[in-house]
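User: I have a new model open and want to talk through it. Can you start with how you sort residue types, then take my questions as they come?

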Amino acid sequence: MTPIPLQSRLPRTYRIKAIKQETEMVRTFTFDGSLGAKPGQFIMVWMPGVDEVPMSVAEDDGAQTRITFFAVGDMTNEFAKLQVGDLAGLRGPFGTHYEWEPGQHIVLVAGGYGAAPMYFVAKETVGHGCTLEVIVGARGKEHLLFVKELEALPHVSLHIATNDGSAGYKGFNTDILEKLLSSCPRDSHSAKKKECHPVDQVFGCGPEMMLKKISEITAKYDVPSQLSMERYMKCGYGLCGNCVIDPLGIRMCVEGPVVKNEVLLKLAEFGKYHRDDLGKKNSFDAPPKK
Ligand SMILES: Cc1cc2nc3c(=O)[nH]c(=O)nc-3n(C[C@H](O)[C@H](O)[C@H](O)COP(=O)(O)OP(=O)(O)OC[C@H]3O[C@@H](n4cnc5c(N)ncnc54)[C@H](O)[C@@H]3O)c2cc1C
């Protein structure tokens, strides 16, 4: 594990350079300055007097940093009120990132705000000669994120899935994943004869039940996958232990959030429950707390 420099563990102020209203509840803030983040890593976003919360990096191009967030609660609703020119405290980057080899054929599966980090991965991987199948899913077409940006990238085949069928395939994005993997299994005759293009890896970011399904599908077709698993994070660099996972005791802010499927398959709580700010277990089946 690479030690996290003190400078990254303390918040520094960054000015908001641009704001994009993506959908009714989702905004993208562009900050003036880079934190040196890699695709899949997260930063802690601080509003003095309100709260500090983790957010995935939607892009870090060495000059500016983007985050895309849903206004869902106390912190994010206040954060959404900020304007261009305002300051926010950012610290990081923290955690693991997606890993690939140049020239690989990779499937990216995105749900919800997971489309933002998946766009960051897409931009970096196509720059390394990778070819991509990108599957973006949402409840309906008005909730789809980063579609235009993904369409503009070279070597990307874009697939859309909506639950209500208002755009693309009607159903789950994981149905499309299964079709892609079953159409060219890695050890099939067609793949060996190069008649089809087998998938080298699958990356996923989005709701945990979607990740669970990706984990099952990629295990079934024996394709490696790396998935971003979120837990309640406080310190962000492994000190407080709030995001420790049963039964391995790994910290999601250090050994995650991007975790390889062989490790995820050993995690008893993956797809079953998560712990809140007090360490209390909450089932993914339970209705959200009011
Ligand atoms: C690694 C990681 C990356 C994330 N990336 C994004 C992103 O790119 N965009 C985005 O919109 N959201 C992201 N989130 C979720 C985001 O942190 C929460 O939506 C946010 O904290 C909500 O805070 P709130 O005070 O507005 O809402 P609250 O009403 O306080 O919380 C709403 C829900 O958000 C979650 N949450 C709250 N605080 C935390 C915390 N400290 N750590 C983890 N979850 C928390 C809980 O599930 C809670 O039930 C990410 C979370 C993690 C762990």
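Analyst: Ala, Val, Leu, Ile, Met, Phe, Trp, Tyr, Cys and Pro count as nonpolar, Asp, Glu, Lys and Arg as charged, and the others, Gly among them, as polar. Note that this is a predicted model.

User: How do the residues of the shell around the ligand divide into nonpolar, polar and charged?

Analyst: The shell has 14 nonpolar residues, four polar and four charged.

User: And which residues are the closest to the ligand?

Analyst: Val-53, Phe-69, Gly-73, Met-75 and Thr-76 are the closest, out of 22 residues that surround the ligand. Two or more shell residues come from each of strand E4 (51–56), strand E6 (64–70) and helix H2 (74–79).

User: Which element gives the most to that shell?

Analyst: E4, with five residues.

User: Which domains does the shell draw at least three residues from?

Analyst: Domain 1 (6–94) and domain 3 (229–270) each supply at least three.

User: Ok, domains then. What does the assignment give for the protein chain?

Analyst: Domain 1 covers 6–94, domain 2 covers 98–212 and domain 3 covers 229–270. The centres of domain 1 and domain 2, taken over C-alpha atoms, are 25 Å apart.

User: How many residues are in contact between domain 1 and domain 2?

Analyst: 12 residues of domain 1 are in contact with 12 residues of domain 2. On the domain 1 side, E6 gives the most, with three residues. That side divides into six nonpolar, four polar and two charged residues.

User: Switching to Val-202. Where does it lie?

Analyst: Val-202 is in strand E12 (residues 201–205).

User: Buried or exposed, and why?

Analyst: Val-202 counts as buried because it has 25 C-beta neighbours inside 10 Å, and the cut-off for buried is 20 or more.

User: What does it touch, leaving out residues up to four places away in sequence?

Analyst: Val-202 touches Val-107, Val-109, Leu-177, Ile-214, Thr-218, Val-223 and Ser-225. Its C-alpha atom is also 8.3 Å from that of Leu-227, 25 residues apart along the chain.

User: Now the whole chain. How many helices and strands?

Analyst: Eight helices and 18 strands. Of the 290 residues, 39% are buried. Among contacts between residues at least 6 apart in sequence, 64% join residues at least 24 apart.

User: What is the radius of gyration, and what would a compact globule have?

Analyst: The protein chain has 19 Å, which agrees with the value near 19 Å for a compact globule of 290 residues. Along the principal axes, the C-alpha atoms fill a box of roughly 60 × 40 × 40 Å.

Conventions: Residues numbered from 1 in each chain as written. Predicted model: local features only at pLDDT ≥ 70, side-chain atom pairs only at ≥ 80, totals over all residues. Near = placed C-beta within 6 Å. Helix = DSSP H or I, 4+ residues; strand = E, 2+ residues; numbered from the N terminus. Domains from an automatic or database assignment. Buried ≥ 20, exposed ≤ 12 C-beta atoms within 10 Å, placed from the backbone. Contact = placed C-beta atoms within 7 Å. Rg over C-alpha atoms; globule rule 2.2 N^0.38 Å.
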